[in-house]
Amino acid sequence: MSDDATALLRVEGLRKSFGGVHAVDGVDFSIARGEVVAVVGDNGAGKSTVVKMIAGAYTRDEGRIFWEGRPVEPQSPEDAKDLGIETMYQDLALVPDLDPAGNIFLGKEPVRRLFGVVPVLDRAEMRRRSAELLERVRIRLPSLQVPVRQLSGGQRQATAIARFLLSDRAKLIIMDEPTAALGVQEQRKVLDLIEQLKQQGISVLVISHNLEHVLSVADRIIVLRGGRVAGVVPRAAADRQTIVALIVGGTA
Amino acid sequence: MRAGETLPAPGRATARTWSIGDINPLLFIIIGLYIVLALASDRFLAVTNQMNITRQVSVYLIIALGQTFVISSRGIDLSVGSTLGLCAAVVATQISDGLNVWLAIGLGIALGSLIGVGNGLIITKLQISPLIATLGTLVALRGATHLYYTHLYAHEVVSRLPRDIVYLGQGFVGPVPVPAIIAAAMCVLAWYLFHYTRFGSYTTSIGSNEAACALAGVHVDRQKILIYAFQGACCGLAAAILVGRLNGASPDVGTGYELHIIAAVVLGGTALFGGIGTMWGTVLGILTIGVIENGMVLIGADFHLQRVLIGILLIVAVAYQGWRRRRQGTAERT
Ligand SMILES: Nc1ncnc2c1ncn2[C@@H]1O[C@H](COP(=O)(O)OP(=O)(O)O)[C@@H](O)[C@H]1O
Ligand SMILES: [Mg+2]
């Protein structure tokens with residue numbers, strides 16, 4: 001458990017509505033360094049919206065975000081990255097016509113100077129370092145030079161994962177449904193990766209529908225219902241029935 | 001893939017096998033046209049005629065290079081003909097009024113860039129679709145060009161300009177027309193920007209998935225504005241060359257160019273809905289149209305026949321590209 005002194009991230013009273021829909025309606029929680037926190041809840045419970053406000057993709061209507069104890073205002077994904085928050089989205093946010101190396105380095109492309117003057121993209125360096133990063137994830141791609149639209153779901157996932165390993169600054173990695181589009185074996189790899197990130201002291205905030213996955217990796221489970229926190233369950237106390245009851249509400 | 005499995009060189013790229021389908025099919029069409037036209041007219045292959053083709057296509061090509069950036073980014077610029085018209089008006093009249101030729105050319109390029117920035121701002125800040133935004137500027141700039149002549153210059157046409165500007169449009173270095181040399185230099189610049197810089201890479205990436213680019217920290221709006229500014233600068237430069245070639249200008253200069261240019265870019269293989277672009281294809285697209293136009297005149301065919309041919313070719317080429325991409329999208333998926 002994290003208390004206020006050690007929390008890497010703490011949010012208080014987060015609120016966001018779209019038109020009349022209160023997508024997130026007063027959410028508080030915190031994450032400690034190296035902690036894996038899962039967010040579960042029914043479709044439309046507000047999981048993605050919470051995560052996007054932390055990641056700077058949505059501006060919040062109300063509430064406060066504390067990063068390492070200081071109040072912060074992530075206004076853009078860039079702001080969040082500067083803090084050390086990396087996000088992997090449900091749709092993976094890849095550029096389909098760009099190759100995996102290009103995607104991994106999107107926005108951070110290395111440039112070399114031809115004849116010491118003309119700046120050109122250093123594609124060789126991008127491919128070399130991409131191969132290294134993919135090795136850490138232990139997933140093999142058929143080629144680093146085909147558009148990712150030609151890759152399988154798992155291979156795209158690997159690309160997205162390698163993408164945030166690139167930034168050594170990452171202290172918190174947010175994953176929205178990382179296992180949703182994968183085969184069983186590739187799902188296992190993502191769970192292994194989460195474990196690996198935790199070992200390296202990186203915190204993970206993971207959204208998942210799969211309670212089995214959640215129970216196997218999360219230190220704590222936050223249940224959202226109708227834009228509010230229905231319950232926070234530490235791993236020790238977590239079992240399927242408790243969580244399902246919190247998700248659907250009523251008798252809990 | 002199992003967790004403990006030893007992986008042979010993870011992530012290592014395996015070379016993609018090369019196939020004849022990777023050659024731009026326009027190349028075969030151009031070769032075919034050359035064979036047919038060489039047989040049909042003994043003047044077609046003459047050096048003077050070949051150089052004439054390069055001179056004729058130069059203005060179109062310079063603008064089409066910019067349009068390749070625009071279309072690759074999932075945009076479109078319909079205002080290129082009108083931008084050309086207004087830039088030509090300003091360049092021609094200022095030179096005619098005694099402004100230094102080189103300053104006038106610089107002025108034309110600056111004006112073109114400024115118009116491009118305007119297009120970019122309308123598209124990004126007012127969030128108007130590129131089609132509508134540049135349809136608006138197409139109409140407005142043509143009107144502005146007429147107003148410029150009647151109210152600021154008081155003549156409807158400009159003619160008999162100084163030697164330097166005429167040289168830019170009509171001169172030769174050895175057998176090679178000056179406009180062709182400028183167009184070639186612009187091809188190198190555009191090819192470099194498109195394939196070797198962040199600017200080029202972000203252009204196609206925005207066309208492919210704009211949201212992903214924004215999330216990755218790419219300044220999407222700034223990039224788009226720069227793309228339209230580059231397109232405008234191309235129009236400004238093309239205007240100066242055209243003024244030299246015509247040894248003057250009139251309010252209707254450049255009318256209808258947009259269709260010719262967009263057709264050439266798409267014919268070359270750049271995807272109209274962005275994400276995929278090719279400078280080489282654009283060069284081939286412009287050449288194909290240029291060769292058809294030149295050849296039809298040489299063999300004395302009805303002028304309107306070339307338009308029928310170009311229209312059919314455009315449809316066939318796009319159908320082929322779509323078929324090939326759909327096939328790749330599934331066949332190479334694992
Ligand atoms: N961009 C948006 N525009 C309008 N409504 C939205 C938007 N994003 C989410 N919502 C609404 O907010 C609620 C919560 O959505 P979301 O956070 O995506 O839920 P979850 O990820 O838990 O399924 C839903 O009712 C959804 O329809
Ligand atoms: Mg969601």
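Residues are numbered from 1 along each chain as its sequence is written, and chains are lettered from A and ligands numbered from 1 in the order in which they are written. In this predicted model, local features need pLDDT of at least 70, side-chain atom pairs count only at pLDDT 80 or more, and totals for chains, interfaces and linings use all residues, while side-chain values use heavy atoms, with hydrogens and water left out.

## The site of ligand 1

Which residues surround ligand 1? The shell holds F18(A), V21(A), A23(A), D42(A), N43(A), G44(A), A45(A), G46(A), K47(A), S48(A), T49(A) and Y58(A). A residue belongs here if one of its heavy atoms lies within 4 Å of the ligand.

By residue type, the shell divides into five nonpolar, five polar and two charged. Here Ala, Val, Leu, Ile, Met, Phe, Trp, Tyr, Cys and Pro count as nonpolar, Asp, Glu, Lys and Arg as charged, and the others, Gly among them, as polar.

Two elements of chain A, β2 (21-32) and α1 (47-54), each supply at least two residues of the shell. The largest share, three residues, comes from α1(A). Helices (H or I, at least four residues) and strands (E, at least two) are DSSP runs, numbered from the N terminus.

Oxygen atoms of ligand 1 make polar contacts with the protein, as the table lists. A polar contact is a pair of N or O atoms within 3.5 Å; within protein, one must be able to donate a hydrogen and the other to accept it, and residues adjacent in sequence count only if both atoms are side-chain atoms.

| Residue | Protein atom | Distance to an oxygen atom of ligand 1 |
|---|---|---|
| A45(A) | polar backbone atom | 3.2 Å |
| K47(A) | N or O atom in the side chain | 2.9 Å |
| T49(A) | N or O atom in the side chain | 2.5 Å |

On its own, ligand 1 has 550 Å² of accessible area, and the protein covers 61% of it. Accessible areas come from the Shrake-Rupley method with a 1.4 Å probe; for residues, only the protein chains shown count as cover.

Helix α3 of chain B runs over residues 80-96. Its 17 residues should span 24 Å at 1.5 Å a residue, and its end C-alpha atoms are 24 Å apart, which agrees. The expected span is 1.5 Å times one less than the number of residues. Of those 17 residues, 15 are buried, so α3(B) is largely enclosed by the rest of the structure. Buried means under 20% relative accessible area, exposed over 50%, and partly exposed in between (1.4 Å probe, protein chains only). Just after α3(B) comes G98(B), with a positive phi of about 105 degrees.

Helix α12 of chain B covers residues 279-298. Its 20 residues reach 28 Å from first C-alpha to last, close to the 28 Å expected. Here 16 of the 20 residues are buried, so α12(B) too is largely enclosed by the rest of the structure. At its start, a side-chain oxygen of T278(B) reaches to within 3.4 Å of the backbone nitrogen of W280(B).

## Cysteines

How many disulfides are there over all chains? The count is zero, with a disulfide taken as a pair of cysteine sulfur atoms within 2.5 Å. C187(B) is in no disulfide; the nearest cysteine sulfur, that of C234(B), is 10.0 Å away. C187(B) is buried, at 17% relative accessible area.

## Loop residues

E68(A) is not a glycine, yet has a positive phi of about 50 degrees. It sits in the loop between β4 (62-67) and β5 (70-72) of chain A. E68(A) is partly exposed, with a relative accessible area of 28%.

F115(A), also not a glycine, has a positive phi of about 55 degrees. Its loop joins β7 (111-114) and β8 (118-121) of chain A. Is F115(A) buried or exposed? At 75% relative accessibility, F115(A) counts as exposed.

In chain B, H219(B) lies in the loop between α9 (210-215) and α10 (220-246). H219(B) is partly exposed, at 40% relative accessibility.
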